[in-house]
Each structure stands twice: as C-alpha cells, then as structure tokens.
Amino acid sequence: MQTITGKDIHAAAALLQKEEVVAIPTETVYGLAGNALSEIAVSKIYAAKNRPSFNPLILHVASINELEKYANVDATSWLIASTLMPGPITLLLPKKTNVPDITTAGSNKVALRVPNHAMALSLLNECSFPLAAPSANPSGYISPTTAAHVFAGLEGRIPYILDGGATTVGLESTICEVINGAILLHRAGGISAATLSTLTGLEVKQNSNITTPATPGQLKSHYAPNIPLVIGKIEEEINKHVGKKIAVISFQKNYGKQNGITSFVLSVNGNLSEAANKLFATLRLVDEADYDLILTEIFPNEGIGPAINDRLHRAQFLHK
C-alpha cells in the first residue's frame, strides 16, 4: 500500500467514508482515525497499529453537542465538556448502544473528546460519524507529533496522512471520569488535576487499580523507545554508567557534551508546557541515534508535569 502525505481534508474524508483509516493531526498527538461506528474501520485501526484488542479507543467528535449521541452525560461531565472542550481532555462516560463493542474493547463505557485543532475539526464536520483515533504509531512506541513521525512508523500500512503541522501540546489528552462524587483520573495529560478540581469542586483521585484497561494509555509499557531509559538523579546515574554512550534528557539543566554524554534540554526557561511539547520528538530523535542509554529525571509535579512523568515511567517499564 502506498502512503500519501498531504493537506487535502476532502480526500481524507472520502477515505474515511469508505471505511479506510487516515492519520490526522490534533493538538495533542497525531491520531490514526477511522469511523468509530464501523467494525471494519476499527479493525483496520487495530491491525495497522498492531494494537491489543483489549485496549479501547477514544471517539473524537466535532462539538460537545455530539457527546449525547454516543454517551449519557451527567451534569458535572457536561460542565467539564462545556468549559474545557475543544481541548486536551477526554471524558469516560456510559456508552449508548450505537457504539460498537469493538471500539470500547467490550466496555460499557466510552471515551469522548473534541480536539482543539482546526484541520481535525474541519474533517470531523465533513464526516457523519465520530472518529476513533488512537495515536498514529505502532502500538507501544513513542507517540507521533509530526506527519513525518507517522510516516516513519506506518508507511505502507495506511493510505493517507493528513499533515496539519507539529502538534501544540505534544502529549495525549487527560482522561477522566465523574464517578461516586469524585473525579477519577485515568490518564494524566494536557489538563491538570488541579484544573479539574477547581472547576468542579470535586476531589480528583488517581486510578491506580488497573487490570483490564477502561481507557487508552493505561498499559504499563507504553510510549517506549527501543533504547533503555532510566529515570533518576542524572549525575548519579551518569556515574553508574561510565563508558556508555548516553543521551541525557533534562528539564532545564544542560549536562554538556563530553565523555560519551549528549545533553537534550527540553526547556531552558523552565516551561513545563514547552517541555511536554518537545518530549516525544526528543525521544524519537535520540532513539534514531546510536546511544546505549537514555537518562532522564523526575519533572516538577505541577501543571502538565505529572503527565510528563507518567509517559517517562511507562517508557521506562519496557526495559525493566
């Protein structure tokens, strides 16, 4: 199969209407989109990514007015949606029967969001169905933040990549669920727990008891480079790995380029949003080079910091 990269929204929509899959840009990462109501299209998403069938998908819709077509929306969830959508937030809600079980991996709940990206919204408005769209990369690997990243991972597996430029957030959406008078945080992302708590007045609890994933992004090993990644105090870890060719990915501090060490600083000015935006692209850059090891640190536990730490911990797990 030939994979074409372009900016033709009409061409992308035509393929989607034929139950094909198309990579699309969002503000978070690039998604591999297909008709969420078509078992044929959803099966193609799983096949192209080699994604486990027990790992559910997020439905993308053009506006919050479409949420109730596919789910039952409580008052607090509606408050979150009306305030934070379009944006990097996903709600887990009781699904309606028009959503196939294959899309939710058999769950009676469905994850829904409205992306904050003009090209994605234009595409959604051309379609008469929601788009299931997990990250557009081979399952488990670093998520793509450019069309070139998608091409590198899925060339020959999908017919079209809709090129909307580099993503602006760079990490996947926050996934949350209003349940039992609290907010359950299934995945940290572009919207912080503090923002959700302030908006709703509810306690935000971390979902730490996961057996079968209820939402995407819950697998222990995920977002992982092929090179081993270690999180810790960088200077101590450098001393433990003398003689290795090491890529150091840090928040602000530059560790220089000497003794086999190359430093990659995500934000000289200490901006967590900038760091998040650069994280996946930097991991990919390092993974394509000839390093023995990636060293990184714990990022500040504020704003989007917990989401960065979540991705790093899951990237590290593959090599444990």
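Biologist: Which residue in E10 stands opposite Ile175?

Modeller: Strands of a sheet pair through backbone hydrogen bonds, and they may do so in a parallel or an antiparallel way. In this model, which is predicted, Ile175 faces Arg187 in E10.

Biologist: In what order do the eleven strands of the open sheet follow one another?

Modeller: The order is E1-E8-E2-E3-E7-E4-E6-E5-E9-E10-E11, and the pairing is mixed. Strand E1 (4–6) and strand E11 (204–206) are the edge strands, each of them pairing on one side only.

Biologist: At what angle do helix H4 and helix H7 pack?

Modeller: Helix H4 (residues 75–84) and helix H7 (residues 193–200) pack at about 115 degrees, with 10 Å between their axes, and the crossing in which H4 passes H7 is right-handed. From H4, the residues Thr76, Leu79, Ile80, Thr83 and Leu84 meet Thr195, Leu196, Leu199 and Thr200 of H7.

Biologist: Which residues of helix H5 are buried?

Modeller: In helix H5 (residues 118–126), the buried residues are Met119, Ala120, Leu121, Leu123 and Leu124. Their packing partners are helix H1 (9–17) together with strand E2 (22–24), strand E4 (58–60), strand E7 (131–132) and strand E8 (160–162).

Biologist: Why is strand E15 largely enclosed by the rest of the structure?

Modeller: Strand E15 (residues 261–265) is largely enclosed because four of its five residues are buried.

Biologist: How many bridges join strand E13 to E15, and in which sense do the two run, parallel or antiparallel?

Modeller: Strand E13 (residues 246–250) runs parallel to E15, and five bridges join the two; within this pair, Val248 stands opposite Ser263 in E15. Strand E14 (residues 257–258), by contrast, pairs with E15 in the antiparallel sense over two bridges, and here Lys257 stands opposite Thr262 in E15. E14 and E15 form a hairpin with two residues between them, and Asn259 in the turn has a positive phi of about 50 degrees.

Definitions and conventions: Residues numbered from 1 in each chain as written. Predicted model: local features only at pLDDT ≥ 70, side-chain atom pairs only at ≥ 80, totals over all residues. Heavy atoms only, no water. Axes fitted to C-alpha atoms, helices over the stretch in contact; angles between N-to-C directions. Left-handed = near helix turned anticlockwise from the far one by under 90°. Contact = heavy atoms within 4.5 Å. Buried < 20%, exposed > 50% of the residue type's maximum accessible area, 1.4 Å probe, protein only. Pairing = 2+ DSSP bridges.
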